[in-house]
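Me: I have a chain open here and would like to talk it through with you. Could you go over it piece by piece?

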Amino acid sequence: MNGGDKLSVHVLTGFLGAGKTSLLRRLLALPALGDTAVVINEFGEVGLDHLLLEAVDEDIVLLKSGCVCCTVRGDLKNALVTLMERRRSGEIPAFARIVVETTGIADPAPIVATLTADPMLRHHFRVGNIVTVVDVPNGLSNIDAYPESLRQVAAADRLVVSKADLADTEEIAALEAGLRAVNPTATLVALDEHAVPDPERLLADLHDETARPAEVARWLDAVASTRWRFHAHGTHDVNAHRDIRAFVLRNAQPLAWPRFALWLSMLLNRHGAAILRLKGLLALEGVEGPVVIQGVQHIVHAPLHLKAWPRGVPLTEIVVIARGLDPTLVQRSFEAFNRLRPAGDAAA
Ligand SMILES: Nc1nc2c(ncn2[C@@H]2O[C@H](COP(=O)(O)OP(=O)(O)OP(=O)(O)O)[C@@H](O)[C@H]2O)c(=O)[nH]1
């Protein structure tokens with residue numbers, strides 16, 4: 001359940017021209033990330049050429065940093081399987097993680113779906129962090145104009161605010177507030193063109209058992225310290241014009257896993273396209289510590305365990321970021337289907 005020695009596949013996304021490749025270049029130059037394999041779709045669009053050292057074959061190259069870089073023209077599964085086969089046969093250096101850079105108009109959900117749904121990929125890989133780059137000059141207007149941009153922001157575990165050098169502090173603050181409003185649980189990292197990114201901050205993920213409790217505590221703090229709480233009268237809607245709401249389903253009574261799993265799959269079947277992101281902790285009957293769940297749109301990752309409850313007491317708290325979905329109805333169906341006493345204002 002906890003991933004064992006699988007390799008994390010991180011997804012680097014962000015709208016057209018946001019600064020994905022610039023960030024990737026700086027990350028790959030860091031000695032700590034020399035053992036990274038990179039998968040880029042539509043290679044012709046990105047300018048990594050000056051980093052290229054040696055062509056291993058038509059699709060795979062070694063970068064100066066020692067990283068392996070692979071192009072995806074066909075499907076992601078084939079690219080990942082090929083990388084693993086060449087790594088095993090010693091044709092390319094061993095690598096410890098993979099970063100997939102998407103095109104600017106990609107929705108990250110299908111990548112997550114590929115990794116979680118395919119049995120062979122699931123055996124070797126696990127979903128790492130979704131890192132979304134958003135540039136200050138265009139970020140807010142892209143979120144409003146392009147559904148792909150919104151989905152990239154909502155899906156993120158890390159939001160990198162780029163081109164801060166091209167804006168003043170007010171513009172940066174406005175973008176950060178807008179990003180927080182769409183996705184309160186992601187870590188915000190502001191970078192300008194020359195900043196050295198912190199690889200730990202961007203790529204340490206939930207599979208890193210030492211980082212996991214802090215990561216989860218951060219989600220919960222982010223939710224507790226914002227207005228994103230469910231209460232009897234609905235949510236405080238700071239994102240009305242986008243029809244996006246983040247809300248928390250919270251209840252202290254332990255859940256029966258089979259019942260909860262059925263409820264969740266029914267919810268995602270019916271409303272998967274409206275649910276942009278879901279993450280949280282479950283208090284389950286017969287399970288001592290919290291179980292971490294997270295999903296992107298209709299895809300849910302394999303659950304993970306935490307050893308201790310971040311607040312010291314068992315409490316189910318699920319953050320949902322949804323578009324066009326009434327939180328009151330979701331909360332009601334969560335409580336009714338799982339046979340819970342309504343938490344109401346007392347738990348909010
Ligand atoms: N001033 C400034 N320019 C930046 C910064 N980051 C990226 N750029 C510039 O923005 C342009 C686009 O950057 P890329 O890194 O290619 O962006 P991308 O997201 O990979 O672009 P696509 O792959 O085309 O979607 C380039 O000209 C970069 O030099 C930054 O922090 N500050």
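Predicted model: local features only at pLDDT ≥ 70, side-chain atom pairs only at ≥ 80, totals over all residues.

Me: OK, how many helices and strands does the protein chain have?

Reply: The protein chain has twelve helices and 15 strands, where helices (H or I, at least four residues) and strands (E, at least two) are DSSP runs numbered from the N terminus.

Me: And what share of the residues is buried?

Reply: Buried residues account for 40% of the 348 residues in the protein chain, a residue being buried if 20 or more other C-beta atoms lie within 10 Å of its own, exposed if 12 or fewer, and partly exposed in between, with C-beta atoms placed from the backbone. As for contacts (C-beta atoms, placed from the backbone, within 7 Å), 76% of those between residues at least 6 apart in sequence join residues at least 24 apart.

Me: Which domains does the assignment give?

Reply: It gives domain 1 (7–205) and domain 2 (215–226 + 239–339), with bounds that come from an automatic or database domain assignment. The contact between them takes 16 residues from domain 1 and 18 residues from domain 2. On the side of domain 1 that touches domain 2, α3 (109–117), α6 and α7 (169–182) each supply at least two residues, and α3 gives the most, with four residues.

Me: What classes of residue are on that side of domain 1?

Reply: That side of domain 1 divides into ten nonpolar, four polar and two charged residues. Here Ala, Val, Leu, Ile, Met, Phe, Trp, Tyr, Cys and Pro count as nonpolar, Asp, Glu, Lys and Arg as charged, and the others, Gly among them, as polar.

Me: You mentioned α6; is that helix mostly covered or open?

Reply: Helix α6 (residues 147–155) is mostly covered, since eight of its nine residues are buried, including E148, R151 and Q152.

Me: Switching to strands, what does β8 pair with?

Reply: Strand β8 (residues 158–162) has all five of its five residues buried, with R158, V160 and S162 on one side and L159 and V161 on the other. It runs parallel to strand β7 (residues 125–135), to which five bridges join it, and D135 stands opposite S162. With strand β9 (residues 187–190), β8 pairs in the parallel sense over four bridges, and L159 stands opposite L188. Two strands are said to pair if DSSP finds at least two bridges between them.

Me: And which strands are joined to β6?

Reply: β6 (residues 97–101), with four of its five residues buried, is joined by five bridges to β1, and the two run parallel; V9 has I98 as its bridge partner there. Five bridges also join strand β2 (residues 36–41) to β6, again in parallel, and T36 stands opposite R97.

Me: While we are on β1, why does T13 count as buried?

Reply: T13, which lies in strand β1 (residues 7–14), counts as buried because it has 28 C-beta neighbours inside 10 Å. Leaving aside its neighbours within four places in sequence, T13 is in contact with T102, A106, P108, I130, T132 and Q152.

Me: Which residues come nearest to the ligand?

Reply: G19, T21, S22, G104 and E193 come nearest, out of 17 residues around the ligand, a residue being near if its C-beta atom, placed from the backbone, lies within 6 Å. Helix α1 (residues 20–28) provides the largest share of that shell, three residues, and by class the shell has four nonpolar, seven polar and six charged residues.

Me: Last topic, what about the phi of Q297 and R339?

Reply: Most residues other than glycine have a negative phi. Q297 has a positive phi of about 50° although it is not a glycine, and R339, also not a glycine, has a positive phi near 55°. Q297 is in the loop between β12 (291–296) and β13 (299–300) and counts as buried because it has 23 C-beta neighbours inside 10 Å. R339 is in the loop between α11 (327–337) and α12 (344–347) and is exposed, with 10 other C-beta atoms within 10 Å.

Technical notes
Residues numbered from 1 in each chain as written. Contact = placed C-beta atoms within 7 Å.
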